[in-house]
Amino acid sequence: MNPSGVATANLLPPSHPVLCLLLLVGFQTNMDCTAQSVQDDEDLRVMMAGSTLRKVKSRSWKKQRHFRLLEDRATIWYKSRWAGRGHSTFSVSDVEAVREGHQSELLMSIAEEFPAERCFTLVFHGRQGNLDLVADTPQEARAWVNGMRKLIHKAENMDEKERLDQWVGDWFQKADKNKDGRMNFKEVRTLLKMMNTDMEESHALHLFTMADKSDSDSLEMEEFVQFYRMLTQRDEVWKVFQDFSADAERLTLDELQSFLTQEQQEGERSTQYAQELIDRYEPSDIAKQQGAMSLDGFQMYLCSKDGSIFRPGCRERQQDLSQPLSHYFISSSHNTYLMDDQLRGQSSLEAYIQALKRGCRCVEVDCWDGADGEPVVYHGHTLTSKILFKDVVAAVGEYAFKASDLPVILSLENHCSVEQQTVMARHLDQILGDTLLRSPLGEQDPQQLPSPQELRGKILLKAKKIGGLESCLDESLTDEVSDDDDAESPTEEHPPGECRNVTEQQKTKSKLSRELSDLVVYCKSVHFHGFEYARLHNKCYEMSSLSESKAKKLIKDAGTDFVRHNSRQLSRIYPSGMRTDSSNYNPQDLWNVGCQIVALNFQTAGLAMDLNDGLFRQNGGCGYVLKPDFMRNSGTTFNPEKPEDHEGYTPLRLSIQVISGQQLPKVNQKEGSIVDPLVRVEVYGVPQDQAKEETSHINNNGFNPVWNETLNFVLHTPELALVRFVAEDYDKASRNDFIGQFTLPFTCIQAGYRHINLLSKDGTAIPPASLFVNITISEFTPGNGT
């Protein structure tokens, strides 16, 4: 480590050209192939020539902008006029999808002004707003739609080597200010600051001089690749390689197998897996023929999905989906219609689309009487904008099963008159068709809920219902039902069997449309009367909505009863009404007692959504996660406050050596600003497992900081634990700035030397930013210390 904190190439032999050559050949080959593909592709030629498109931000704001695809085929550039310096850009990799025609609320609202064949929408990853565009001709619109889809497909299907080639090329283009195809030392110094490292000038000049083979005081592409190779030398990877390589040149099949067994804890599959990794990642054909792996192949493996901290099997749908709905955590949204706060925020169909595409399986719809007999959706008695209920149902119907084919629960917060409730029922019936579940799958009075597998492709309505499933055809039942289950009540819950007085009952009753009631099957909303009442009443299809404060009181007072209740029936938890800024509570407290529908404001980035994304990242991101076995048994003794008391208690020790970071992004875009990164590891689970530990900070190096610090944790209930890795920019005078994070279930962690690909505040990837760690998991014996 030199005084600047930047790792130097002091361990590698001077002649180690394989990766350097691969970078150069790969980059040049990619450039040649891409140039040829552009030449052969009419759509990309149109995009590179540029088009004047109308950017639409509102019904009244529609202005022309000149858009074009830059030469790197990865960046879209646009500005408001031909002359002048002001312009904007965005990366093709930022775009998730392209929608043709009037497929956004805004374009639908101006449909009479611009025909659908000239309109398209670019949908961005994360919480960034859509970009609505109108071309001058249908042909031009078609070229941009087709071209963008091809570029998105290419970006999504690049392998690690192609991403590296593109990344190196991007830096060369950025640093080559005068566009002469060469970089002088001044441009290199600027490049280093852009790359988030403050290297000593003498060391930078040393690397520059070593790379400048032509002695021209500038670097051509080939020389720049050599400079990049020296700059990104991974001493920490070389040390690991050296520990297992007898000749420090390669890992034989046996040596790689030993590494996989001893360090990566791959067990019996190590022998077969070693050969698979060589075939998959070794760039040298000679090494492959010898059944060996070079340092370059080793590093490529460690940076791949196989070398990720997230267990590859967890990326697939692998959990049992044949158990009752109550046995699963279900990804759930609160006030799904809102894009912002709950007082003045915009209500939008886009919010439903984004939530469903993120794997959300329970969305909320707040319904109120609207003009002309059409129910509307908004946050009642506030200045939030209104959208039509029928449009919400149409959006849910279209996007419900894009990310997952498992059931979606439509949670109705019903404030409508009987007449408009009947309109709601008609819209649900006509728009959703056969996807809407209308009757029980089996017996009329089931003893347990059906499974996600049995309900595949179905939309379930959660709302109030007249009577129960066994009496749904009994016309003698009243159409008056309690309307207080979703409202935060100031009164204490009523003891089992105790009735409220007649006056109170009359105040809280409202009329319910039978047509709407008949569409409710397995998610009947009822007021919560206590765990004992629910157990004796024994209706698995009844569910209660509880505010976060009421739920947390129940956790404290009757944790085990809460877990048992949730083994049989669904519970929905929602944020306090005081959270007008759409902030979120910590969902982990509710998952600890088995609450299935822990509703969060998906529009609000932060810790809560990181945890939600982390939990539901497993099982193929299908939105359903099977609860641990000790939470599925109605006779369980598990209490999150006393995890050591339940049968099967097996605490584990988690040791995390935070080794290094790679290409961490800048958080302050001011010229000369460099981050001082630190890493914090946070564990969320039962109260005894909640813990945070962090490394020291590294001054002025976000490019390749090295910590080599070990953080230790004890997990008393590892089955419920989530582990969050956070990189921050240290600031001694104020709060640290967020750099990136990654959250995953402890049960999905791969032991050994692993890379962690960091995500932004929005939960989107920020390649190539990563952390390199060594994970050790072992049994913990209480009383022997941590």
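Predicted model: local features only at pLDDT ≥ 70, side-chain atom pairs only at ≥ 80, totals over all residues.

Trainee: How many helices and strands does the protein chain have?

Mentor: Helices (H or I, at least four residues) and strands (E, at least two) are DSSP runs, numbered from the N terminus. On that basis the protein chain has 22 helices and 32 strands.

Trainee: What share of the residues in the protein chain is buried?

Mentor: Buried means under 20% relative accessible area, exposed means over 50%, and partly exposed lies in between (1.4 Å probe, protein chains only). Of the 786 residues in the protein chain, the buried share is 55%.

Trainee: Which strands are the edge strands of the open sheet of 7 strands?

Mentor: Two strands pair if DSSP finds at least two bridges between them. The sheet has the order 4-3-2-1-7-6-5, with antiparallel pairing. Those that pair on one side only are strand 4 (88-91) and strand 5 (95-100).

Trainee: Within strand 3, which residue is the bridge partner of Phe 67?

Mentor: Strand 2 (residues 62-69) and strand 3 (residues 75-79) pair in the antiparallel sense over 4 bridges. In strand 3, Phe 67 has as its bridge partner Tyr 78.

Trainee: Are helix 11 and helix 13 roughly parallel or roughly perpendicular?

Mentor: Axes are lines fitted to C-alpha atoms, for helices over the stretch in contact (heavy atoms within 4.5 Å), and angles run from 0 to 180 degrees between N-to-C directions. The axes of helix 11 (residues 270-281) and helix 13 (residues 295-302) come within 9 Å and cross at roughly 100°. Angles under 35 degrees count as roughly parallel, over 145 as roughly antiparallel, 65 to 115 as roughly perpendicular and the rest as oblique. Helix 11 is therefore, relative to helix 13, roughly perpendicular.

Trainee: Which residues make that contact?

Mentor: Helix 13 contributes Gly 297, Met 300 and Tyr 301. From helix 11 come Tyr 273, Leu 277 and Tyr 281.

Trainee: Within what arc do the buried residues of helix 7 fall?

Mentor: The buried residues of helix 7 (residues 201-211) are His 203, Ala 204, Leu 207, Phe 208 and Ala 211. The arc is that of the directions from the helix axis to the C-beta atoms. Seen down the axis of helix 7, these residues line one face of the helix, because they fall within an arc of 140°.

Trainee: Which residues of strand 22 are buried on each side?

Mentor: In a regular strand the side chains alternate between the two faces of the sheet. Both faces of strand 22 (residues 571-574) are covered. One side has Ser 571 and Ile 573, and the other has Arg 572 and Tyr 574.

Trainee: Is Ser 582 buried or exposed?

Mentor: Ser 582 lies in the loop between strand 22 and helix 21 (588-591). Ser 582 has a positive phi of about 65° although it is not a glycine. With a relative accessibility of 0%, Ser 582 counts as buried.

Trainee: Is His 381 buried or exposed?

Mentor: His 381 is in the loop between strand 14 (376-377) and strand 15 (387-388), and its phi is near 60°. With a relative accessible area of 73%, His 381 is exposed.

Methods. Residues numbered from 1 in each chain as written. Heavy atoms only, no water.
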